[in-house]
Amino acid sequence: MTKQVQQLDRVIIRFAGDSGDGMQLTGDRFTSETAEFGNDLSTLPNFPAEIRAPAGTLPGVSSFQLHFADHDILTPGDAPNVLVAMNPAALKANLGDLPRGADIIANTDEFTKRNLQKVGYESNPLEDDSLAEWRVHPVPLTALTVKALEGFDLSKKDAERSKNMFALGLLSWLYHRPTEATIKFLEGKFAKKPDIAKANIAAFQAGWNYGETTESFSVSYEIKPAPLPPGVYRNISGNQALAYGLIAASVQAKLPLFLGSYPITPASDILHELSKHKRFGIRTFQAEDEIAGVGAALGAAFGGALGVTTTSGPGVALKAETVGLAVTTELPLIIVDVQRAGPSTGMPTKTEQTDLLMAMYGRNGESPLPIVAPSTPSDCFDTAIEAARLAVKYRTPVMLLSDGYLANGSEPWKVPGKAELPDISTEFATEPNGEDGATFLPFKRDTETLARPWAIPGTAGLEHRIGGIEKADGTGNISYDPDNHDRMVRLRQAKIDGIAQDIPPLAVDDPDGDARVLVIGWGSTYGPIAAAVRRIRKSGGKVAQAHLRHLNPLPANTGEVLRSYDKVLLPEINLGQLALLLRARFLVDIISYNRVRGLPFKAEELAGVIQDVIDSD
């Protein structure tokens, strides 16, 4: 049977099922196939925090959304064109996001009376015409998988576990994805269990063959590769990119990297990734708690290493005292906060950007530090290097604010050459610096950066006191002198303020230069904001866009930019934290737009908000 091939410019697919159905693995493999094919892509994994919520229930639904196209895209997409629903719970949890006319591929084997009752369906929606506004493709995925694996020495339950690979094979056929890499992946993943590897490969190939032979799918789809600048590309998640950025920073700084970390969602993958790269001189320490993790990292910095600690919001609170110690001892330390929904334990697998004020002020005393935030998964690489540059150059702890959306999301990344990376190397103090030529002054400052010397413990002649009690200017001796304390507080603040002259000015995207509305953002809101701005401009509207990487200090021209527009709109996944800071600093009436749902903004939503602001003149 000859099947029609239809050309598309983009598609959004969402895999959804029970936590035990392997939806994250399925989505990840489809993403890898798509990256290998050459499409631009963006992903949104969405899974419950529970290790194993009750099977077949709404709280147990796990999903993975992938947006891929033949052109540059910025978000995982607002609404899926295709929903793969492995059970009734997956259908019910995701149907509200599905536009009319979209495709639903439903695993009919799981639409049993018991499973339907678990989620409140009185009748089977696949049979009662309640899905008439969508294109439904009922497929007995479980039964077809078991049938395909009849020749293997597997129990029925074990065979059923491969149904996600059957679904992956079907979708790979439907969208002309390359399959060789998935087969190699399964061979490697189950190298110690070759029978399981062969079974999963058989299920994958059976799904592909089903798409080729069944009459249920008369059309397959082709999305051509996206035109990208020449170079070597790979698909990368935010946590991977951040880990690689830290490795690159260690190499470029010519410092050994030490990570002191306590596992916490969604930051743990940075620890996992860095632990694989000991050949670069990296040491990873899984501490017994958050305080031990940051304490070890600060101790490593005192000893001459690039000290890093990773965590999420609740962990930052526990690290606060030691971060304050890093401020007063003026040692380089990188604190990575992969923000998640809070407060307290909150929603550990959901995203937010609600830790900005904690990063700014979440320590006792006057304890300023630089804050940087990546805008995309791949930008986590460059932002990690920038955090290390500031830390070692200015002898200061630096807070890097990623979030769950960036950490787990992925996109194509052009791998930079070593020559493209900045040299961020620094020099240790090696000899006395006092006027007498024999005394070492640990708090004598560089006249340009106000950074103090970095002396490795044990260096002869450079012995000095260290600790949390206030230092005397220059000598570092313990001091309770009021005037000295005032001076040291102001010096530490001036050091951070001076960084504004060492970072790029805030860039504004205003094509014609006549927009009256500016949309400004920070962190992971970049993609949805940029996509929304594209929509407004395509419809003839005029709007400017700016995005902040450096949040403390702000770029030197920030005030000038804000005052250049009649209206400034600031979308944030919090209740207006950056808006509060900008209003206080620059006395500009920021229009704040806030949603705190554990999910990223949708481009359509922001486009409507922007248009309302434009029309409100």
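Guide: Contact here means heavy atoms within 4.5 Å. Please note also that this is a predicted model.

Visitor: With that in mind, what is I334 in contact with, leaving aside its neighbours within four places in sequence?

Guide: I334 is in contact with L246, L306, G307, V308, T309, A387, A388, A391 and V398.

Visitor: Which residues touch the most other members of the largest nonpolar core?

Guide: They are L246, L274, L306, I334, L356, I371 and L578, in a core of 85 residues. Helix α14, residues 379-394, gives the most to this core, with 10 residues.

Visitor: Which residues does the second, separate core include?

Guide: That core has 41 residues, and L149, L171, W173 and I183 are among them. As a general point, nonpolar side chains in soluble globular proteins tend to be buried together.

Visitor: Let us change topic. How many residues of strand β4 are buried?

Guide: Nine of the nine residues in β4 (61-69) are buried, so the strand is largely enclosed by the rest of the structure.

Visitor: Which strands pair with β4, and over how many bridges?

Guide: Strand β2 (residues 10-18) pairs with β4 in the antiparallel sense over nine bridges. Strand β3 (residues 40-46) is also antiparallel to β4 and is joined to it by seven bridges. S63 in β4 is the bridge partner of A16, and S63 is the bridge partner of N46 as well.

Visitor: Now H137, please. Where does it lie, and why does it count as buried or exposed?

Guide: H137 lies in strand β7, residues 135-139. H137 counts as buried because its relative accessibility is 16%, and the cut-off for buried is under 20%.

Visitor: What joins the side chains of H137 and D103?

Guide: A polar contact of 2.8 Å joins them. Not counting residues up to four places away in sequence, H137 touches D103, I104, I105, A106, S216 and F217.

Visitor: And N107, is that buried or exposed?

Guide: N107 has 0% relative accessibility and therefore counts as buried. Its place is in strand β6, residues 103-107. Beyond its neighbours within four places in sequence, N107 is in contact with A85, M86, V139, P140, L141, T142 and K163.

Visitor: What do the buried residues of α8 pack against?

Guide: They pack against α1 (23-37), β7, α4 (141-148), α6 (163-174) and α7 (180-189). The buried residues of α8 include A197, N200, F204 and Y210. Helix α8 has 20 residues, 194-213, and reaches 28 Å from its first C-alpha to its last, close to the 28 Å expected at 1.5 Å a residue.

Visitor: One last topic: in what order do the five strands of the open sheet come?

Guide: The order is β17-β19-β18-β21-β22, and the pairing is mixed. At the edges stand β17 (508-509) and β22 (591-594), each with a single partner strand, so one side of each is left without a neighbour in the sheet.

Visitor: Which helices pack on the sheet?

Guide: Helix α17 (residues 526-538) packs on the sheet and touches β17, β18, β19 and β21 (567-572). The direction of α17 makes about 170 degrees with that of β19. Helix α20 (residues 603-615) also packs on the sheet, touching β18, β21 and β22, and its direction makes about 160 degrees with that of β21.

Conventions:
Residues are numbered from 1 along each chain as its sequence is written. This is a predicted model: local features need pLDDT of at least 70, side-chain atom pairs count only at pLDDT 80 or more; totals for chains, interfaces and linings use all residues. Side-chain values use heavy atoms; hydrogens and water are left out. Helices (H or I, at least four residues) and strands (E, at least two) are DSSP runs, numbered from the N terminus. Buried means under 20% relative accessible area, exposed over 50%, partly exposed in between (1.4 Å probe, protein chains only). A polar contact is a pair of N or O atoms within 3.5 Å; within protein, one must be able to donate a hydrogen and the other to accept it, and residues adjacent in sequence count only if both atoms are side-chain atoms. The expected span of a helix is 1.5 Å times one less than its number of residues. Two strands pair if DSSP finds at least two bridges between them. Axes are lines fitted to C-alpha atoms, for helices over the stretch in contact, and angles run from 0 to 180 degrees between N-to-C directions. A nonpolar core is a set of buried Ala, Val, Leu, Ile, Met, Phe, Trp, Tyr and Cys residues joined through side-chain atoms within 4.5 Å.
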